[in-house]
Amino acid sequence: DMFEASRQRERITMFIEWARKFGLTDANLFQTEQLYEDTNLTQVIICLSQVGSQAQAKPNYSGPRGFWASKAVANERQFTEEQLKSGASVISLQMGSNKGANASGVSFGARRGINDSY
């Protein structure tokens, strides 16, 4: 009935607001209608998995570790001036040679051969 539909939508909206306060970004949330009308369940699943990842990142999380994707953690490094200077003398392959590079196999603009074999 109409009252039950309104109540279900309200509960979905309450979950979305809770997830936002829990730390999810808008890109990881879904719209109420997407769940209620089954139009974008992929986004709903993304949201639920992000809730799990966010929960696992909390210090008081007591569930199984490794079940959810881990959030990225900063890994800052400190280099000495000597280490930074030694890297300047290395020529990487990205700026080095183009040995063996050619345009073989490039067929931009060429016609595609379609052969009937029967």
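**The N-terminal part and its partners**

Of the 118 residues of the protein, 17% count as buried, where buried means under 20% relative accessible area, exposed over 50%, and partly exposed in between, with a 1.4 Å probe and protein chains only. The model is predicted: local features need pLDDT of at least 70 and side-chain atom pairs count only at pLDDT 80 or more, whereas totals for chains, interfaces and linings use all residues. Residues are numbered from 1 along each chain as its sequence is written, and side-chain values use heavy atoms, leaving out hydrogens and water.

The secondary structure comprises four helices and zero strands, in the order α-α-α-α from the N terminus. Both kinds of element are DSSP runs numbered from the N terminus, helices being H or I with at least four residues and strands E with at least two. The accessible surface comes to about 10500 Å², and 54% of that surface belongs to carbon and sulfur atoms; these areas come from the Shrake-Rupley method with a 1.4 Å probe, and for residues only the protein chains shown count as cover. Contacts are heavy atoms within 4.5 Å. Among those between residues at least 6 apart in sequence, 28% join residues at least 24 apart.

Consider the nonpolar side chains. The largest nonpolar core has 12 residues: I12, I16, A19, F22, L24, L29, F30, V44, C47, V51, A55 and Y61. Helices α1 and α3 each supply at least two residues of this core. A core of this kind is a set of buried Ala, Val, Leu, Ile, Met, Phe, Trp, Tyr and Cys residues joined through side-chain atoms within 4.5 Å.

Two of the core residues, F22 and F30, also belong to a cluster in which ring pairs link F15, W18, F22 and F30. The structure holds four aromatic pairs. F15 and F30 have ring centres 6.2 Å apart and planes at 25°, so this pair is stacked. It links distant parts of the chain, with F15 in helix α1 and F30 in the loop between α1 and α2, 15 residues apart. F30 is buried at 5% relative accessibility, while F15 is partly exposed at 27%. The rings of W18 and F22 are also stacked, because their centres lie 4.7 Å apart with planes at 20°. For such pairs, Phe, Tyr and Trp rings (for Trp the six-membered ring) have centres within 6.5 Å; planes under 30 degrees apart count as stacked, over 60 as edge-to-face and the rest as tilted. W18 and F22 are four residues apart in helix α1, about one helical turn. F22 counts as buried at 19% relative accessibility, and W18 as partly exposed at 41%.

Leaving aside residues up to four places away in sequence, F22 touches V51, Q54, A55 and K58. K58 lies over the face of F22, at 4.8 Å from the ring centre; this requires NZ of Lys or CZ of Arg within 6 Å of the ring centre and within 35 degrees of the ring normal.

Turning to the charged side chains, a search of the whole structure finds five salt bridges, each being a side-chain nitrogen of Lys or Arg within 4 Å of a carboxyl oxygen of Asp or Glu. One of them joins E4 and R7, with the closest N and O atoms 4.0 Å apart. These two are three residues apart in helix α1 (residues 2-22), about one helical turn. E4 is partly exposed at 29% relative accessible area, and R7 is partly exposed at 34%.

E37 forms a salt bridge with R9, the closest N and O atoms being 3.9 Å apart. E37 lies in the loop between α2 (32-36) and α3 (41-57) and R9 in helix α1, so the pair ties together parts that are 28 residues apart in sequence. Relative accessibility is 47% for E37, which counts as partly exposed, and 29% for R9, also partly exposed.

R20 and E17 meet in a salt bridge as well, at 2.8 Å from N to O. R20 is partly exposed at 35%, and E17 is partly exposed at 36%. Both residues lie in helix α1, three residues apart, about one turn of the helix. Elsewhere, salt bridges that share partners join R9, E33 and E37 into one network.
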